[in-house]
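Subject: Structure handover and findings

Hello,

Here is the structure you were expecting.

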Amino acid sequence: MNSKIVFFDTTLRDGEQSPGVSLNIKQKIEIGKAIAELGIDVIEAGFPITSPGDFESVQTIAREVKGATIAALARANQKDIEVAWEAIKPAERPRIHTFIATSDIHLKYKLKKSREEVLELAKQAVSFARSLCPDVEFSAEDATRSNRDFLAQVVLEVVKAGATTINIPDTVGYTIPQEYYDLIKFLIENLKANGYESALKKGDLRISVHCHNDLGLAVANSLSAILAGATQVEGTINGIGERAGNAALEEIIMTLKTRADFFKEKLGYEPLVNINTKKIIPVSQLVSQHTGMLVQPNKAIVGANAFAHESGIHQHGVLCERSTYEIIDPKEIGWTGSAIVLGKHSGRHAISFKLESLGWKLSKEMLDKVFEKYRSEVKDILRKVDDAYLEGIVLDLLLEREYRYKLTSSQVISVLSGSLKPIAQVEIEDKKLGQRVSVGLGIGPIDAAYKAVASALGYTFTGEEGKKSLKLLDFHIDALSGGTSAEGVCGVILEDERGIKSAGLGKDGDIVIASLKALIKALNRLEAYQEKGETLKKEILMV
Ligand SMILES: CC(=O)SCCNC(=O)CCNC(=O)[C@H](O)C(C)(C)COP(=O)(O)OP(=O)(O)OC[C@H]1O[C@@H](n2cnc3c(N)ncnc32)[C@H](O)[C@@H]1OP(=O)(O)O
Ligand SMILES: CC(C)C(=O)C(=O)O
Ligand SMILES: [Mg+2]
């Protein structure tokens, strides 16, 4: 019995076929090396006949990427195969991967050839490839829409011609798990009946699967094929690839690892052996960065939300014991850990956890007050609550009466056209220094208003000398309801020179006023924190 499944990565070939993706040689080598470090057995580096650039990158990968077999794709013709061989020849272990479609749809409309002609081309391609390279993979493109008996005949003949891996692609993502299971089983039984049982058992001959995700079934189909006896599985990092993409290798790997019990029982052996799963997140991020294909947040394993918990009941569970709502330890795949994200559905346990991590250890009564304020002031307004807003609530409860600034008057003028600039005038009551008045010019009315406030209180957003520097880390405005008379809500996060963060929300029918209210709130909280924050944290509060 085979002791392991061969993992075949085609991020650099099928993955690069994603619309809009084009990787340069440097990026391909970086990705190739990262995939090899993950422990992937075969890396399909490209399709060398495509262009001189593709040839060069496949050749460079063949020279520089160690540890994995390096494969190159070729159509079923001599020229493609010669060029592919030329490119991969320098690899430690080269593989020629040749293919031709076997479905009647492809034969009739695309190749315009009979079944007999395709069978002949497949045999010739494999035996020519085999005359160059000992490791030859053959793919029957669109296998899942092919006539079963014809497919079985092609498979048998290319094995006789010397193919060592036979790939049965679900090229258009059409099959479903049970159907694919039956197909793979049927093809394996047919090979066994024709004298290849021992080769299959020893791993000298492998049935491979290559699934596309048009119905969202690529990973399920791949796993089903493994259960039917396939011993090579193909896919890409992050599931990128033609149209809806390929099977996501990281999902297959983590399913085999997480449900090793199930697969071991069904297969009689442990299917996952050599993968260094801690490299999954770094390689996923590298692929996303180089291809420009963002990973959707809710994507399994590698999505930003895959180990993030926002709802109170789940947060409570995870804080008690991670395994209540997580089936994988995120550290096992290279994340730093699980994330507790505050939002609309969060409860007291998560708030208390967050505050403790910020240094605030609150009494139960105080926590109840914070939660009530969180519920009434923040929960429905912010989609994701930064820690600074939470800390701001605590400061309001303890120190609001002492807050230093009050906006007493303001006027802001917008400019439609011409050389004039928007201008703002503000009047602020400062508990320490009395009334402060200032004027600001800006690109827009909010910019002008913020500059006026900063100048009145001795701050600068632009690094002016002699003033206290502030960074505007976040600024956003939303409408609280629909229509032109909707109330606007502004959220602001500031950071001072020491890295202290402070946030404020402001609501008003006038969005400039909402923005000013948010800024003044954030500045009040910042000053309160600077003066008393650390001292207050040291006390266990019994308010
Ligand atoms: C399912 C898959 O993912 S298959 C891989 C798909 N990937 C790519 O196509 C990316 C790289 N492709 C390319 O750069 C180009 O298509 C090239 C260089 C390979 C070929 O370009 P062109 O010669 O201009 O041909 P074009 O792409 O327009 O058409 C494909 C030709 O290959 C033929 N062909 C397609 N598949 C095969 C095959 N497996 N074996 C032999 N011939 C094939 C077609 O019948 C057609 O032939 P024709 O020119 O005689 O009509
Ligand atoms: C070339 C083959 C393996 C392919 O990518 C497909 O059929 O999807
Ligand atoms: Mg494909």
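The notes below go from the whole chain down to single residues.

Overall picture

This is a predicted model, not an experimental one. The protein chain has 17 helices and 18 strands. Along the principal axes, the C-alpha trace spans about 95 × 60 × 45 Å. The radius of gyration is 31 Å, whereas a compact globule of 543 residues would have one near 24 Å. Of the 543 residues, 43% are buried. Take the contacts with a separation of 6 or more: 64% of them join residues 24 or more positions apart.

The shell around ligand 2

Which residues are around ligand 2? They are Asp14, Phe99, Ser139, Glu141, Asn167, Pro169, Thr171, His210 and His212. Strand 5 (136-141) and strand 6 (165-170) each give two or more residues to this shell. By class, the shell holds five polar, two charged and two nonpolar residues.

The UniProt record

The UniProt entry is unreviewed, and under "binding site" it lists Asp14, His210, His212 and Asn246. These positions are spread over 233 residues of sequence. In space they cluster, with a largest C-alpha distance of 10.3 Å.

- Asp14 sits in the loop between strand 1 and helix 1 (25-38). Asp14 counts as buried because it has 23 C-beta neighbours inside 10 Å, and the cut-off is 20 or more. Leaving out residues up to four places away in sequence, Asp14 touches Thr236, Gly241, Glu242 and Asn246. Asn246 is also one of the positions in the UniProt list.
- His210 is part of strand 7 (residues 206-211). His210 has 30 C-beta neighbours inside 10 Å, so it counts as buried too. Beyond its neighbours within four places in sequence, His210 is in contact with Ser139, Asn167, Pro169 and Glu234.

Helix 9

Helix 9 (residues 249-258) is largely enclosed by the rest of the structure, because eight of its 10 residues are buried. The buried ones are Leu249, Glu250, Glu251, Ile252, Ile253, Met254, Thr255 and Leu256. What do they pack against? Their partners are strand 1 (6-9), helix 8 (218-228), strand 8 (232-235), helix 10 (260-267) and helix 11 (280-291).

Ala424

Now move to strand 12 (residues 423-430), which contains Ala424. Is Ala424 buried or exposed? Ala424 counts as buried, because 25 C-beta neighbours lie inside 10 Å. Not counting residues up to four places away in sequence, Ala424 touches Ser410, Val412, Val439, Gly440, Pro445, Ala448, Ala449 and Ala452. Take Ala448 from that list: Ala424 and Ala448 are 24 residues apart in sequence, yet their C-alpha atoms are 5.3 Å apart in space.

Best wishes

Notes:
Residues are numbered from 1 along each chain as its sequence is written. Chains are lettered from A and ligands numbered from 1 in the order in which they are written. This is a predicted model: local features need pLDDT of at least 70, side-chain atom pairs count only at pLDDT 80 or more; totals for chains, interfaces and linings use all residues. A residue is near a molecule or strand if its C-beta atom, placed from the backbone, lies within 6 Å of it. Helices (H or I, at least four residues) and strands (E, at least two) are DSSP runs, numbered from the N terminus. Ala, Val, Leu, Ile, Met, Phe, Trp, Tyr, Cys and Pro count as nonpolar, Asp, Glu, Lys and Arg as charged, and the others, Gly among them, as polar. A residue is buried if 20 or more other C-beta atoms lie within 10 Å of its own, exposed if 12 or fewer, and partly exposed in between; C-beta atoms are placed from the backbone. Two residues are in contact if their C-beta atoms, placed from the backbone, lie within 7 Å. UniProt positions are given in the numbering used here, feature names are shortened, and annotations may be inferred rather than shown by experiment. The radius of gyration is taken over C-alpha atoms; the globule rule is 2.2 Å times the number of residues to the power 0.38.
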